[in-house]
Amino acid sequence: MGRAAMLQLLLLLMAAGGAAAGGPEVHSLRGSWQLGNGNGSLSLQGEVPGCVHTALHGRGLIQDPYNRFNDVMYRWISLDNWTYSRTFKTPFDVRKWQKVNLVFEGVDTVAHILLNNVTLGRTNNMFNRYSFDITSMIKEVNFIQVRFMSAISYAAEQSRCHKAYSVPPACPPPVQKGECHANFIRKEQCSFSWDWGPSFPTQGIWKDVRIEAYNLYHLIYFSLTPFFVRRAQQWSLEIESIFNVVGSKPIAGLATVNIPKLQTQQTYSVKLQPGEGSIVLLVNISKNSTVEAWWPNGHGKQIGYNVTTTFIMEGGYQIEKISKAYFRTVELVQEPIPGSPGLSFYFKINGQPIFMKGSNWIPADSFQDRVTYDTLWLLLKSAADANMNALRIWGGGIYEQDDFYDICDELGIMIWQDFMFACALYPTDPDYLESVRAEVSHQVRRLKSHPSVVLWSGNNENEAAIASNWFSIPHADREVYIKDYVMLYVKNIREIVLAEDKSRPFVVSSPTNGLESIKEGWLSENPYDTHYGDTHFYDYSSDCWNWAMYPRTRFASEYGFQSWPSFSTLKKVSSAEDWSYTSNFSLHRQHHENGNDQMLQQIAYHFKLPQTTDPIKKFKDMIYLTQVMQAQCVKTETEFYRSSRSEIIRGEGHTMGALYWQLNDIWQAPSWSSLEYGGKWKLLHYFAQNFFAPLLPVAYEDNGVLYIYGVSDFHTDHKLTLKATVSQQDDVYLFDLQTTAIAPFVTLDVGSIKGRFSDNGFLMMEKKKVVIFYPWEPTSVEELEKSFTLTSLMDVT
């Protein structure tokens, strides 16, 4: 369409739109709902978004669910069937609208939904959005009910109905004090318990619920995806809009995209087909503008550009969408490495190889309505402050809320995004697969505009579970489970991801051998092979200070050691009788088999265990030692991975990622985390600030030889500057040192002037340090300045 024709069409559309109805009416049903249990013995007010546990706690009907042994004491809550209900007035004239929908952004999990005593439908997937057409049944005053079924009962029922063959595991280990058959319900898997978390299979409306009324057409999803066209040396932006058209005829119109800071404005003629469909606009960014790319933390800025997209359709209203576009590319490089069998496994962002430094993320609370923006900001800012540039959202939790990804975009934290399948095999019956397909499509459409998301991963450890036969499956039955595995993760999840998002890579599992796993039929013989893909590694019996125990892998995506949270954190949910390493409380909170003993074993390799007769001091000392042990263990392992970045030894190496397990806690208990529940830093997190520093000296001994590495994340050679000033104070002299980067083995020398320094040959981590010189004979500032030399390891070439 020519420019004149477009202008004429625009004028016609604007004229038609002037007489048509305005934009959609959206009315949230957030707020206070009535909540009751199955037999009617309990009735109370509960907030939406929210869940039953927090409603009961908020009304004073139960204690804090995290207090002492309440995770077991309150099991009855999850076994009951609860109903949310409320009355609401329709805030608009229904006759003016062609379509009215009731939309649930998140229902946890199994529910029967009714409006004015008429069934709208049922839900069975916590991760799906549900939309119900209520055009013909909405009244001036309405009564809505959401009747929940116990997730525990539903999962057990689904397992019983799957009669052809078992789908393990049936139940978690007894030490976890959890519920069975989590793999038969599309719900946060760790809500049935994990080796670091409690069992709280919640019920509730955990995200927004609203009424949407519209005419002609409605925008459902909107996403921005950047691409860099190498041949043209030009950025482009793919804008995808998914609409629902009410009538039976196509609707024509114009779409205008405006990016002022990039001097880019383009107009397109578009046509919407009846039903649900998408429009894809390809916007070529003006070559007259310099596009500043989005970079991970520590590698550059996180620049975004405001984009206004306007749709003006015939006979309808104008839709204006204001959003932010980020320009970055991501590649997962798997290619041969000289001197090594196998393939590399590393990420390029904007064409630059990036070493991923970070951790693994689990849900921040068992009750998601307690997770606020401030909660997420505190945890994620702590990650960035510790020089992390990446987090892996682990597949046994949830797809995080929008605020999480917005903050990661802002802070430059790359996200390895698992789909929510973990440490289990899963059914593949048609109803289950249909639900999963809707889940995956919804989550990819919701998240793919975020530059922080750099990888989709199908599951956590399920390739390894089959390859290593975790569940003791007879060899004759193995093919059944392999077929299910390929059906779920390859033919369904992978297929949808590749169709929805061509801008970032996808791996089927973690750990995986990547391309080698594909070559072997999607399931490798050994997913922990250090020559391919990523690895998970745990060893609690060997001395963690011995670097030689660690695998020289391509990418370490899970590793770690446990510690206890600080006494101040535990005190909030315990009593004086609990304050012992061997108390019932301490045993109850430890959900990892032999975890407390394993910590003692690691401590004993290098430290003396507390001998005091004061029981509380002994408990506090034990907590302290577990944190010291954990920090030193993870430091040793992480520095080994970072120093293995640029070398191949006996065919292994070229490590390009270190994501320790785990960043945060879900409650107050021993775990692998570096941040306690509530955000307090453990010693490990303070250590992480240093072992993830952009410039890092690493030293280790091997067969009597001391090896010293200088590790750098910078894209260019980095010049270290050490500036020193001398001043006199009484009978001593102060050397005020400043450095632009970490300086190893900083050595001060004043030639033949006799005396000594208060410190020398040190690792300078801070930007400033004062060293005192004690002269043994009279001298002066001038003489010291004349004789003074300052050397660090970085000066040696």
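1. Terms and basis. Helices (H or I, at least four residues) and strands (E, at least two) are taken as DSSP runs and numbered from the N terminus; two strands pair if DSSP finds at least two bridges between them. The model is predicted, so local features need pLDDT of at least 70 and side-chain atom pairs count only at pLDDT 80 or more, whereas totals for chains, interfaces and linings use all residues. Residues are numbered from 1 along each chain as its sequence is written, and side-chain values use heavy atoms, with hydrogens and water left out.

2. The hairpin of β13 and β14. Strand β13 (residues 217-229) runs antiparallel to β14, and twelve bridges join the two. Four residues lie between the strands of the hairpin, where Q233 takes a positive phi near 50°.

3. The other partner of β14. Strand β17 (residues 275-284) is also antiparallel to β14, with ten bridges between them. Here N244 stands opposite E276 of β17. Burial is used in the following sense: buried means under 20% relative accessible area, exposed over 50%, and partly exposed in between (1.4 Å probe, protein chains only). Strand β14 (residues 234-245) has eleven of its twelve residues buried and is therefore largely enclosed by the rest of the structure.

4. Strand β5. Which way do the side chains of β5 point? K99, N101 and V103 point one way, while V100, L102 and F104 point the other way, and all are buried. In a regular strand the side chains alternate between the two faces of the sheet. Because six of the six residues of β5 (residues 99-104) are buried, the strand is largely enclosed by the rest of the structure.

5. Partners of β5. Strand β12 (residues 209-214) pairs with β5 in the antiparallel sense over six bridges, and N101 stands opposite E212 in β12. Strand β8 (residues 130-133) is likewise antiparallel to β5 and is joined to it by four bridges; in this pairing F104 stands opposite Y130.

6. Salt bridges overall. A salt bridge is counted when a side-chain nitrogen of Lys or Arg lies within 4 Å of a carboxyl oxygen of Asp or Glu. The count by this rule is 30. One network of salt bridges links R30, E105, R129, D208, R210 and E212; E212 is also the residue that stands opposite N101.

7. D713 and its two partners. The side chains of D713 and K357 meet in a salt bridge of 2.7 Å, N to O. Since D713 lies in the loop between β34 (705-712) and β35 (722-729) and K357 in strand β23 (residues 356-361), the pair ties together parts that are 356 residues apart in sequence. D713 counts as buried because its relative accessibility is 5%, and K357 is buried with a relative accessible area of 5%. R645 also meets D713 in a salt bridge, at 3.1 Å from N to O. This second pair links distant parts of the chain, 68 residues apart, with R645 in the loop between α15 (615-643) and β30 (648-649) and D713 in the loop between β34 and β35. Both R645 and D713 are buried.

8. R95 forms a salt bridge with D93, the closest N and O atoms being 3.1 Å apart. R95 counts as exposed at 75% relative accessibility, while D93 is partly exposed with a relative accessible area of 29%.

9. Surface patches. Patches are made of residues with over 30% relative accessible area and no salt bridge, like charges being joined within 9 Å and nonpolar side chains (Val, Leu, Ile, Met, Phe, Trp, Tyr) within 5 Å. Accessible areas come from the Shrake-Rupley method with a 1.4 Å probe; for residues, only the protein chains shown count as cover. L706, I708 and F745 form a nonpolar patch with about 280 Å² of accessible area together. Its member F745 is found in strand β37 (residues 743-749) and counts as partly exposed at 42% relative accessibility.

10. A charged patch. Lys and Arg count as positive and Asp and Glu as negative, with His and the chain ends not counted; the place of a charge is taken as NZ of Lys, CZ of Arg, CG of Asp or CD of Glu. A negative surface patch is formed by E777, E782, E783 and E785. E777 is placed in the loop between β40 (768-775) and α17 (781-787) and counts as partly exposed at 34% relative accessibility.
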